[in-house]
Structures are given as C-alpha cells and as structure tokens.
Amino acid sequence: MDKTTQGRAPRWQTGVAWVAVGLAIGAGACRAQPAPRYGQAMHEIGRRFEVLGRAAAVGRYELARYELDELNEVVEDDLPRAQAPQVGDLAGAAASLRAMQVALTSLQRDLQDPVPGTVRAHFAQVAKACNACHASLAHGFIQVPEELGGSVPRTDAGSLVRGVP
Ligand code: HEC
C-alpha cells in the first residue's frame, strides 16, 4: 500500500457505505410517513373536540386553545392523506368538511378573547358540520354533541337517531 492511500477505505467501500446510508435514510422516511387511517384520525379529532368542550365549559380557555390547535393539525396534516370511506354523498361530505373548517376558524378566534355565548355558538356550529359529514358518509350514528362538555361521540340513550337501532 503506498503512502497516499494508507488509512483510507478503498473507493468501492466508500461507495457502498454511501448507498447504505441512502437506503437507511429512505427507509426511515417511509417509516415516518405511513398513510394515517381515517378512523384513527377521527378518533383523535373526537377526543380533542371533547376535551376542548369540557375545558371551555369551565373557562379553561388556554387548554381549549391548545386542543383546537392540535385538532387543526390532524385536520390539515392527516385527514388529506387518509382514505375516507367511499360511501354515500361524497360531495356533501366535502361541503361539510369546508363548513367545519370555517366554523373551527371562528371558534379559534373566539377562544383568543372568549365570550362564553359566542364560544358556545361556534362550538355548536362545528358539531353540526361534523354530524352532517357523518350523515353524508353513512356514519350518522356517530353523533357529536352540540353542547359544551358532552362526550364525543354521544353515548347517552337520548342521542339515538330514530330508525337506527
Ligand atoms: C369529511 C367528513 C367528516 C367530518 C367533517 C367529520 N367526520 Fe368524524 N368521521 C367521519 C367518518 C367517515 C368516520 C368513520 C371513519 C371510519 O370508519 O374509518 C368518522 C368517525 C368519527 C368518530 C369515531 C372514531 C372512532 O373510531 O372512535 C368520531 C369520534 C368523529 N368522527 C368525530 C368527529 C368530530 C368531532 C368532527 C368535527 C370536529 C368530525 N368527526 C368531522 C367523517 C367526518
């Protein structure tokens, strides 16, 4: 071995090492970005909307704002990559999704400088849009309460839709 190459890996070994690094990074990127499941994203949206409502009901607005920000992240980052059930009125569902986002923006504004009446009204407006979409996509039995503080989805007997067992 001459002096100039002493201590250095042969060229082919360096090449193999870079390919390995590239594959590892590629595999890592794939693992980090699996398509989210629609039901899982909805589960998180539901949980956060429930906590938001419970927090706002007792004036814990900072917590309510936090939950709303986290909910928006799911709506913006995960929902577009998840596959919604392809049943029912898809155009109606798309319209409800837009209505939900408009109402969420109003609710976010309210929570910056909260007036209990308007927080309640915009919470109900969001819930109506959630329910409209569930009805459009054949999941009308998943009902979101319009009042602050209820469980999401509703599990009380009073929430049963007529005709749904
Ligand atoms: C674009 C339509 C759409 C909108 C808007 C929507 N949902 Fe859903 N939601 C669905 C569908 C479809 C399912 C059933 C998902 C499945 O079966 O994979 C569902 C399921 C759920 C579930 C049950 C998840 C579980 O498995 O535990 C909850 C809770 C829920 N949604 C809450 C909400 C809340 C709260 C909102 C509004 C802030 C909302 N959804 C807005 C379509 C929508």
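Here is a short tour of a predicted model, told in questions and answers.

Visitor: Why is H4 called roughly antiparallel to H5?

Guide: Start with the angle. Helix H4 (residues 90-112) and helix H5 (residues 116-136) pack at about 165 degrees, and their axes lie 8 Å apart. Angles over 145 count as roughly antiparallel. The value is about 165 degrees, so H4 is roughly antiparallel to H5.

Visitor: What is the hand of the crossing?

Guide: H4 passes H5 in a left-handed crossing. On the H4 side, the contact includes Gly-92, Ala-99 and Leu-111. On the H5 side, Val-119, Phe-123 and Cys-133 are among the residues that make it.

Visitor: What classes of residue make up the contact of H4 with H5?

Guide: The contact has 15 nonpolar, 7 polar and 1 charged residues.

Visitor: Which residues are closest to the ligand?

Guide: Gly-39, Met-42, Gly-46, Cys-130 and Cys-133 are the closest, in a shell of 24 residues. H2 (38-57), H4 and H5 each supply at least two residues of that shell. The largest share comes from H2, with 7 residues.

Visitor: How many residues of the shell are nonpolar, polar or charged?

Guide: The shell divides into 18 nonpolar, 6 polar and no charged residues.

Visitor: Why does Pro-34 count as exposed?

Guide: Count its neighbours. Pro-34 has 8 C-beta neighbours inside 10 Å. The cut-off for exposed is 12 or fewer. Therefore Pro-34 counts as exposed.

Visitor: Where is Pro-34 found?

Guide: Pro-34 sits in the loop between helix H1 (11-32) and H2. From C-alpha to C-alpha, Pro-34 and Arg-81 are 9.2 Å apart in space, yet 47 residues apart in sequence.

Definitions and conventions:
Residues numbered from 1 in each chain as written. Predicted model: local features only at pLDDT ≥ 70, side-chain atom pairs only at ≥ 80, totals over all residues. Axes fitted to C-alpha atoms, helices over the stretch in contact; angles between N-to-C directions. Helix = DSSP H or I, 4+ residues; strand = E, 2+ residues; numbered from the N terminus. Parallel < 35°, antiparallel > 145°, perpendicular 65-115°, else oblique. Left-handed = near helix turned anticlockwise from the far one by under 90°. Contact = placed C-beta atoms within 7 Å. Nonpolar A, V, L, I, M, F, W, Y, C, P; charged D, E, K, R; others polar. Near = placed C-beta within 6 Å. Buried ≥ 20, exposed ≤ 12 C-beta atoms within 10 Å, placed from the backbone.
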